[in-house]
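Reader: Could you walk me through the labels used for this model and what stands behind them?

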Amino acid sequence: MEDQQHRTDALVIGSGYAGAIAALKLAEAGVRTLVLERGRRWPVTPQGDTFATQRNLDGRAAWLSERSPLTDQKLDVYTGVLESLDGEGLTMIAAAGVGGASLLSNATMVEPSPELFRQAFGDVLDHTEMTTRWYPHARELIGCSPIPEDIYASDFYRSARSFAEQLDRAGIPYRLIDLAVDWDVVREEMAGRRVAAEVAGLNLFGVNSGAQRSVDVTLLARAEATGLAEVRPLSSVTAIRQDGVGGYAVSYEEIDERGTVLARHEVRARTLVLAAGTLGTTRLLMRARATGELPGLSDALGTKVGNSEVITARTGMPENNPAQGGPSAILVQDWEDNPHAPVSLLNFPWVDAPAGQGWITTIGACPSPALGSFRFDRDKDDVVLSWPVDDPRVTVMAKAVQDTLDRLDAANPGSSTAFARVGTTGGNVVGGVPLGLVTGHDGGVHGHPGLYVVDSSLLHGSSGGVPPALTVAAVAARTVAAMVPQVAAS
């Protein structure tokens, strides 16, 4: 098998929200940039069959594994969109594919309240700066807006309207939130001119209609159009190291869609930007520290990890079309009156809801204490995630969620809670390379000039009790803005 060497000015690992922002801003500054992404491209086809769905599951739903925490079905091994990592107390889920989590993040773009933001970040990030500059900039980059009135009023979204009525009766605050969705495409779904994906609730593994404003077709496409950015899919990074001449060398395997290694490569760059997400970035840095390739990394590496994810279901209400109407349109903001902890809940369709019964399912978040950690296991050559599921600071999340659900049930006679799962499966896990501890405020890794981190691993265990996508993008925009002038001048 041939080993090949390459060189570029800047190398970005990962192509989700953070990696796409980095690639775009570097290319616009005239910096020749290569983006390595372990997953494949997922171009939406006119036939509407790009992604697996809950009703048509196969290996496209999992990253090189026969199993997934989201199904009991045995899958064929394929470079699908979701990797799962079984940890101690928590199974973590991470995205794979050009576009990363933007392919399947339910498109929710939520900014935390000032109080929740400060609770999450303390003095590491200034709330005024973030809310006046970087959150608006992230919204502009991603392109997001609330659900339009005509779509919300349609029969497809009857469950969302039913949820709003129940919240009104319970006196629990809520609002319609920004979503990274092309609403004209959703209208085409409703009219039958595109495959029903969002409106049918079939968006867990990607959106076959093309309605999702994922960064592969927005920010990354803009970066590639400059002629200075290249995105190289199916390129699985195995190691990073200093190259001895002031830059970095990155080893990666070129793989096919079944994971077979076709070639091994090394690429060198004077600037290395890690944007592989909480799992990918932490994994690479901890492996490099364990092997001695990046000595002197902070002891805080692998710490400040949190998981805020909550999934609930209620039943016993009039038929309300619970299998349709996505993505999440309504954000419950039970942030002040909950006696245990602030709770955020987002309604979402459940395609397996029993026919003829009224159901409301939600996915949400509570402010997460940064109590989790990664350690590197040399025998496995991988990280192990530990999450203290029985710690009182974690179990209070379940009490808080149950309190919200109990008030909803009490205000809506006949309804009851079917289940509430808190903190055992995590698609909202953040942290591991905490900003200000492992890195400076520009994402530059302490002691390693030219090495930057710009993704969700920078967050201190929480995104302020709301889904993290918008905060990840806003923090990435901030760190990249500080980084690019240094890179362009070097």
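This is a predicted model: local features need pLDDT of at least 70, side-chain atom pairs count only at pLDDT 80 or more; totals for chains, interfaces and linings use all residues.

Author: Residues are numbered from 1 along each chain as its sequence is written, and side-chain values use heavy atoms, with hydrogens and water left out.

Reader: Why is T282 called buried?

Author: Buried means under 20% relative accessible area, exposed over 50%, and partly exposed in between (1.4 Å probe, protein chains only). T282 has 0% relative accessibility, so it counts as buried. This residue lies in helix α8 (residues 277-291); helices are DSSP runs of H or I with at least four residues, numbered from the N terminus.

Reader: What does T282 touch beyond its sequence neighbours?

Author: Contact means heavy atoms within 4.5 Å. Leaving out residues up to four places away in sequence, T282 touches G277, G302, F374, V383, G431, G432, V433 and S457.

Reader: What makes a group of residues a nonpolar core?

Author: The members are buried Ala, Val, Leu, Ile, Met, Phe, Trp, Tyr and Cys residues, joined through side-chain atoms within 4.5 Å. The largest such core here has 136 residues, and L26, I240, V250, L272, L285 and F374 touch the most other members. Helix α10 (residues 469-489) gives the largest share, 12 residues. A second, separate core has 14 residues, including L57, A61, L75 and L103.

Reader: How do you know that the buried residues of α2 are on the same side?

Author: The buried ones are L116, F117, A120 and F121. They cover an arc of only 115° around the axis, which puts them on the same side of α2; the arc is that of the directions from the helix axis to the C-beta atoms. These buried residues pack against α3 (127-142) and α10, while exposed E115 and Q119 are on the face turned away from the buried side.

Reader: And what makes something a pocket rather than a cavity?

Author: On a 1 Å grid over the protein atoms alone, a cavity is a set of points where a 1.4 Å probe fits but cannot get out, whereas a pocket is an open set with protein on both sides within 12 Å along at least five of seven lines; lining residues have an atom within 4 Å of a point. The second largest pocket is lined by 15 residues, with Q119, P367, S368, P369 and A370 nearest its centre.

Note on methods
Helices (H or I, at least four residues) and strands (E, at least two) are DSSP runs, numbered from the N terminus.
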